[in-house]
Amino acid sequence: MNFLSKRSRKSKTERNGADADGNQVMQHLQAGTKFLKIRENSCKTYNRTFVLSDDGLVLEYHPSKKTASRYKIPVTDIHEIRTGHETDTFKNSKVKNKYKKENCFSLIVGAENHTINLVAGNRDEARLWVQGLGWAQKKAQNVDVKAKQASWIKEAFEKADRNQDGSVDFEECMKLLKKMNIKMDKSHAKVLFEKADVQTHTDAKGKTVTEALDADEFVNFYRLVTRRPELVKVFQEYSGEDDYWTVAEFVQFMHEEMKRLQVKPQWCKEIIDKYEPTQECRQRNILSFDGFQMFMKGPNGMLFNPHHGTVYQDMKQPFAHYFINSSHNTYLMKDQLRGPSSTEAYVRALQRGCRCVELDCWDGSDKEPVVYHGHTLTSKIKFRDAIEAIEKYAFKTSEYPLILSIENHCSIPQQKVMAKQLKSVFGDKLYLQDITEDQTALPSPDELKGKVIIKNKKLPPPVDAAAADDGDVSDEDEAAELESSDADIQAEIARKEKKVSKKGQISRLNGFSISGIEAKLKLAREISDLVNVCKSVHFKSFQHSKEHHKCNEMVSLGESKAFDLAKGSGQEMAEHNTRFLTRIYPAGRRTNSSNYNPMKMWTVGSQIVALNFQTPCEELSLNLGKFQQNGNCGFILKPVFLRKANMQFNPDSPGDQYTQKLTLRIISAQQLPKPSREVIDPYVEVTVLDVNAEYEDKTEVIENNGFNPEWNHIMEFEIKSPELAMLRFVVNDRDRLKDDFIAHYVIPIASMQLGYHHVPLFNMEGDDLEPATLFVHTLMSAP
């Protein structure tokens, strides 16, 4: 029987992640398959052969017929495998009508959620690859630190083995070390090379090869080269005269250095069993240096507290007591004048833990509403396509409520279509229970689990229930709160127009202009009836809100107005936000989708601090760093002084009652990536972002060492509010003209573990640069 024509048969092993034919499926993927690859956001097609590596951890293909090297995708970078026509590329009618959906599947890859859209020769081939890659994902998730490192080293080895004879000599090893950003003494490297060279090899012609390393030997050589003296020093402080730790010594280390006083001997025994590579040591309950090094690269050895990677906060307090991960103009992929709109932008934001997404809704030409940045050249997507994508991914990352912030520009007939589509797509996920007149606080995130909340204007109750018709409400369109003058905006648009006109694409931006606050908005009763928890109202003053607003009435403020209020009335604003929701959004002048610093808005307790998720930048990294705590669920409980009005917290003068001193030692870095072919001259810049203040310090520059630079640089910071403060690491490469950004990491001070820890490093797009790390020591104490 043809393997591809076999029907899947459920079995016990399949229920555990593999079926009886699992090995055959993986072998089939490892043999390779030719697919039709459709370029993202295009209809161009290419024949490409995809192959899964022998260890099942890397997917490879030749990106071009002209290139000999393969493009490699770590299986761990594949976030999702979608079958059928489920990406923007496959939804394009030219593609959708040409290829059967059962032959199509897409891989969603990397921090930017790029799509690889593939068409197989038949449905069985597509099914096999979807099934096999799913198994590979599960396997990759369970690979331990040591195996991951070996896979990465072997990949580098394969690149160095140019003649493909399965071995590299000493000179090739030295070249490879340089490519891996390792600079070391040649004579010392020679000693380690000879120590790792334990076998003889034969080349492709059958000749015996001496002084050469195969892939496994190179892994051992690399580990000898990368033995960390600073970690050895830490280990030896507690090992005494032995070269191992007893359980008692392990407990002592965890108590004294890591400040983990709750650690018991049983926990240490379990860690030894998990990380110690030597069976004899495991049996004797002792930890060798190799086991310690593996432990320090695991979750407990990372700076971020692994407990904070789960939902650990009280989720039963009123909605207004939480910071909410929020996106602005969520549909955009790039700039706000000509950038593409895409359902993928919603998927990306939701996968990052976003709990408030925005839809700018306008009348569509076919009587169906569309989403786009009105009066600009941004592309349009159907409102229904947007909410269908949102529905599919709404609760995959977080089970807590999702807010749809609707900016409504539609006519009454198309508003009625919107309401109908919202009901049909979300069904009973829509939260439709009204907030009663006597309620003084909103429901909690726990009570609203799995619910979709509509944020929009709301009509007053009809005088006659039988005449529940449409009506007018006052409106404050976001465009009315632009922080630049009309002239500034028009000049920016004129500049864009000129560029576009030169290309002969268009001569006018369809009358994009900025008007004052719209006096009235015609609102359909069907939309109004969907609004309860988040009723948009106009902001007049904090005193007016205190006297007149209900608990479910919230305001939206442009960044300039919000920052002015925070500067002049910070204490009033903080008190306001103990009762009511406030949404902050970027200025309209940010046509390039840049962002403001969200720290000030969190400091005054603003819950919905919306940022442009489409733009990798320091400000967005602060947001993503903050919301990694509490299980990345999108809700963070505010500090008590931002939840209770009687605390009278003044963000401009917070006092010393919460002040603590952070002592931070930047010890070393490991395997930093290179922006160019040269070995880098790295230094680390550290910023503490506190209430109403930022503090900076930096290490000295280490020349010509991106592999294992050591600084041992001590920094001290006084932090007024550890519950709000953020810590940012940036690694730069010193250059005569302009220093190059290498990597960064952002963490809430409250989620930082104490003692010796590794700091993972990311590029600006959010991709993990593993195995690159910093090694630091942290201590919090009274000032």
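A salt bridge here is a side-chain nitrogen of Lys or Arg within 4 Å of a carboxyl oxygen of Asp or Glu. By this rule the count in the protein comes to 23. The model is predicted.

The protein has 783 residues, and 54% of them are buried. Its secondary structure comprises 24 helices and 34 strands. The accessible surface is about 35,600 Å². Carbon and sulfur atoms hold 47% of that surface. Contacts can also be sorted by sequence separation. Take those with a separation of 6 or more: 68% of them join residues 24 or more positions apart.

Now to single salt bridges. E86 and K392 meet through their side chains, with an N to O distance of 3.6 Å. This pair links distant parts of the chain, 306 residues apart. E86 sits in the loop between β5 (78-83) and α3 (88-91), while K392 belongs to helix α16 (residues 383-393). How accessible are the two partners? E86 has a relative accessible area of 32%, so it counts as partly exposed. K392 is partly exposed too, at 33%.

A second bridge joins K535 and E553, whose closest N and O atoms are 3.1 Å apart. Here two strands are linked: K535 is in β22 (residues 531-536) and E553 is in β23 (residues 553-558). The partners are 18 residues apart. K535 has a relative accessible area of 22%, so it is partly exposed. E553 has 10%, so it is buried.

E559 lies in helix α21 (residues 559-568), and R590 lies in the loop between β24 (582-585) and α23 (599-603). The pair therefore ties together parts that are 31 residues apart in sequence. Both E559 and R590 are buried. Salt bridges can also join into networks: E80, R82 and E344 are linked in one.

E559 leads on to its helix. In α21, the buried residues are E559, A562, L565 and A566. Why do they fall on the same side of α21? They cover an arc of only 130° around the axis, which puts them there. The face turned away from this buried side carries the exposed residues D564, K567 and G568. What covers the buried residues of α21? The cover includes the helices α20 (542-548), α22 (570-576) and α23, together with β23 and β24.

Helix α7 (residues 170-179) can be read in the same way. Its buried residues are F170, C173, M174, L176 and L177. They cover an arc of only 160° around the axis, so they lie on the same side of α7. On the other side, K175 and K179 are exposed.

Aromatic rings come next. A search of the whole structure finds 33 aromatic pairs. In one of them, Y61 and Y71 are edge-to-face, with 5.5 Å centre to centre and 75° between the planes. This pair links distant parts of the chain: Y61 is in strand β3 (residues 58-61) and Y71 is in strand β4 (residues 71-74), 10 residues apart. Are these two tyrosines buried or exposed? Y61 has a relative accessible area of 7%, so it is buried. Y71 has 44%, so it is partly exposed.

F218 and F221 form a tilted pair, 5.9 Å centre to centre with 50° between the planes. Both are in helix α9 (residues 215-225). They are three residues apart, so about one helical turn separates them. F218 is buried, at 0% relative accessibility. F221 is also buried, at 0%.

Terms used
Residues are numbered from 1 along each chain as its sequence is written. This is a predicted model: local features need pLDDT of at least 70, side-chain atom pairs count only at pLDDT 80 or more; totals for chains, interfaces and linings use all residues. Side-chain values use heavy atoms; hydrogens and water are left out. Helices (H or I, at least four residues) and strands (E, at least two) are DSSP runs, numbered from the N terminus. Buried means under 20% relative accessible area, exposed over 50%, partly exposed in between (1.4 Å probe, protein chains only). Contact means heavy atoms within 4.5 Å. Accessible areas come from the Shrake-Rupley method with a 1.4 Å probe; for residues, only the protein chains shown count as cover. The arc is that of the directions from the helix axis to the C-beta atoms. Rings of Phe, Tyr and Trp (its six-membered ring) pair if their centres lie within 6.5 Å; planes under 30 degrees apart count as stacked, over 60 as edge-to-face and the rest as tilted.
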